[in-house]
Structures are given as C-alpha cells and as structure tokens.
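Dear colleague,

Please find the structure below, together with its sequence. My notes on its salt bridges follow.

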Amino acid sequence: SPAKGFDAAGTESDADTDTASPLSPLQRMDRLLDERISNASEAAGARERELAERQDAAIADREEQEQARDRSSSLLRPLTEEEEAIVRKAIHGLGPPDEILAYSDTDTVQRESMQKLQPGVWLNDEVIHYFLLMLARRDEAFCDADPERRRCHFFKSFFLTKLLHQEGYRYGNVKRWSRKVPGKDIFALDKIFFPVNVGGMHWTVAVAFMQKRRIEFYDSMNGSGREELQALLSYLNDEHQAKKGSPLPDADEWELGAPDGVPQQRNGFDCGVFTCMFCDFLSTNSPLFFTQEHITQCRERIALSIMRGAALE
C-alpha cells in the first residue's frame with residue numbers, strides 16, 4: 001500500500017497525493033534572481049570563451065604572418081661567396097652563345113639566354129620556362145616531405161597562346177595538356193601557374209587557386225588580364241566536362257580578378273623577372289614583398305636556381 005503521511009492538521013493522508021506548496025512572493029523573487037545570475041554567468045562564460053577563441057585566432061594569424069615573412073625573407077637571402085661565383089660565371093662568363101649551360105630532359109638553357117639575366121636585359125621564354133621547371137622540382141620535393149601538401153603545376157606560356165588562338169578560344173588545342181600534370185587531375189592541385197606572353201612584348205602570369213575557386217592575374221604593369229581570366233575559367237569548365245563528364249561545379253562562384261598590391265616594375269625590361277618571382281613566392285604561399293630594388297638580386301636567384309637544378313628554398 002502507498003506510504004502514509006500526515007497533513008498540517010495531523011490528519012493521516014497518502015504521501016503521493018501531497019502537492020507542493022505555492023511559492024511565496026519572496027521565494028519567487030529569490031528564484032528569479034538565481035535564474036538571472038545563472039544566465040548572466042553563462043553569458044559571461046560564453047563571452048570569455050569567444051574572446052579567448054578570437055585571441056587564439058589572432059595569435060595564430062600573427063604567427064602565420066611571421067612565418068610567411070620568414071619564408072619571403074629566405075627567398076631573397078644573400079648569396080654565399082660560392083653561389084655568387086656560380087652566378088657570375090653563368091651570366092657574365094665567356095663562351096659560345098649556343099653552349100648549353102643547363103638541361104633537363106628536353107629543356108635547355110643556352111649561354112646567350114643566361115646572359116639575359118644581366119641587369120637591364122629582357123628575359124626570353126627559355127629562361128622563364130626553365131625556371132618554372134625548377135619551381136616544379138622544388139614543389140615536388142616539398143610534397144614528398146609533406147604528404148598532406150597539394151601539388152602545384154606550371155604550364156609553359158605556349159598553353160595560353162594555343163588556348164587563345166588567333167581565331168579565338170580553342171579548348172581542343174590544349175585538351176591533352178593536363179595529362180602531364182601531377183596526378184593527371186588538375187582539380188586535385190593546389191595552384192596552376194599560366195605564364196602569359198602579351199603580344200611578344202610583356203610577361204605576366206595568371207594563377208588558378210584550385211581549392212579556393214579563384215583565378216588571379218599578376219601583372220607588374222597593372223594589367224587586368226580580363227581576356228585571359230575568362231578564357232581560363234572556360235578552360236576549367238571544358239576540362240571538367242571532358243575529364244569528369246559534367247560542367248565545372250559552381251562555375252559562377254569562381255572569383256576572377258587582379259589583386260591589389262602587386263609589385264610594379266619601373267622600367268620596360270624587368271617584366272620577366274617579376275613574373276618569375278610571382279611564381280616563386282606564390283608557390284610557397286609567401287607574401288609578394290619584393291620591389292624593383294630587389295630585381296638584380298632576383299635575377300641572381302633565377303640564375304643560381306637554373307645552375308643548381310632546383311629553385312632555392
């Protein structure tokens with residue numbers, strides 16, 4: 001049988017039928033105050049956690065920026081005496097103009113091309129293409145050391161020349177070029193670099209940030225690259241259709257443009273050097289902190305990378 005109890009008058013009653021007494025006004029006020037204190041404490045705790053998260057994010061961002069600056073600084077480190085000797089011999093040494101000073105598979109650099117790395121000389125495609133090959137070699141080494149890192153790919157300037165044929169956009173001209181990219185899937189890459197020779201007179205580069213859905217145009221003379229950017233987005237769409245059987249997902253969400261703050265040349269002959277440095281720095285996620293004042297040093301860096309057989313770290 002249910003347990004028994006007694007009411008206030010002493011009458012026996014069932015305990016399970018007993019009901020709680022209503023709270024007095026003072027008790028209700030105490031309870032409301034307790035709830036408000038508890039809510040305020042929870043809100044304060046949430047604000048503290050949010051502030052701590054923001055502080056942690058700010059610290060992480062500062063550390064990342066410092067690491068990026070360190071990477072950028074290391075990319076323009078002073079050369080050793082031995083390295084300076086290699087550079088001098090490569091770009092100022094005497095010998096037959098057609099003598100091959102560097103080679104890798106079918107790519108070569110002749111002496112007369114290396115001499116274009118002297119100050120005040122316009123770079124040719126032989127030097128630029130070979131330096132990009134050295135960047136690709138460095139990127140491969142980085143990815144071997146870090147399996148989580150995505151590869152970069154560096155096309156030659158002939159890619160855009162063929163894509164933007166005299167008769168207009170022609171995907172068929174470059175349909176097979178992606179067979180040579182690491183993993184044979186351009187959509188798994190981190191970045192793709194497309195050097196551009198504008199009218200045989202000016203060097204620039206377009207960069208597709210594949211995982212960020214962005215294509216940017218880097219021009220040391222502040223060009224917009226509108227035609228090249230639109231062509232490259234069309235290329236990515238056609239490539240996705242051809243290789244994966246469907247249009248590029250969310251193609252209308254890709255961002256196209258020329259970023260602010262791109263280093264600018266102050267003459268008519270250093271565009272190729274700037275283009276090489278854009279590729280060099282961006283492929284290691286380093287800020288483009290170099291200026292016209294660094295260009296002679298950059299020329300030496302390109303020469304040393306070519307002679308060493310891999311881009312400097």
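Is Lys244 buried, partly exposed or exposed? Lys244 counts as partly exposed, at 42% relative accessibility; here buried means under 20% relative accessible area, exposed over 50%, and partly exposed in between (1.4 Å probe, protein chains only).

The model is predicted: local features need pLDDT of at least 70, side-chain atom pairs count only at pLDDT 80 or more, and totals for chains, interfaces and linings use all residues. Residues are numbered from 1 along each chain as its sequence is written, and side-chain values use heavy atoms, with hydrogens and water left out.

A search of the whole structure gives 17 salt bridges, each being a side-chain nitrogen of Lys or Arg within 4 Å of a carboxyl oxygen of Asp or Glu.

Lys244 is paired with Asp185 at 3.3 Å, N to O. This pair links distant parts of the chain, 59 residues apart: Asp185 is in the loop between strands S7 and S8, and Lys244 is in helix H6. Helices (H or I, at least four residues) and strands (E, at least two) are DSSP runs, numbered from the N terminus. Asp185 is partly exposed, at 23%.

Asp280 and Arg138 form a salt bridge whose closest N and O atoms are 2.9 Å apart. It joins helix H7 to helix H4 across 142 residues. Asp280 is buried at 0%, and Arg138 is buried at 3%.

Arg213, partly exposed at 33%, meets Glu253 at 3.6 Å, N to O. Finally, shared partners join Arg77, Glu83 and Arg308 into one salt-bridge network.

Kind regards
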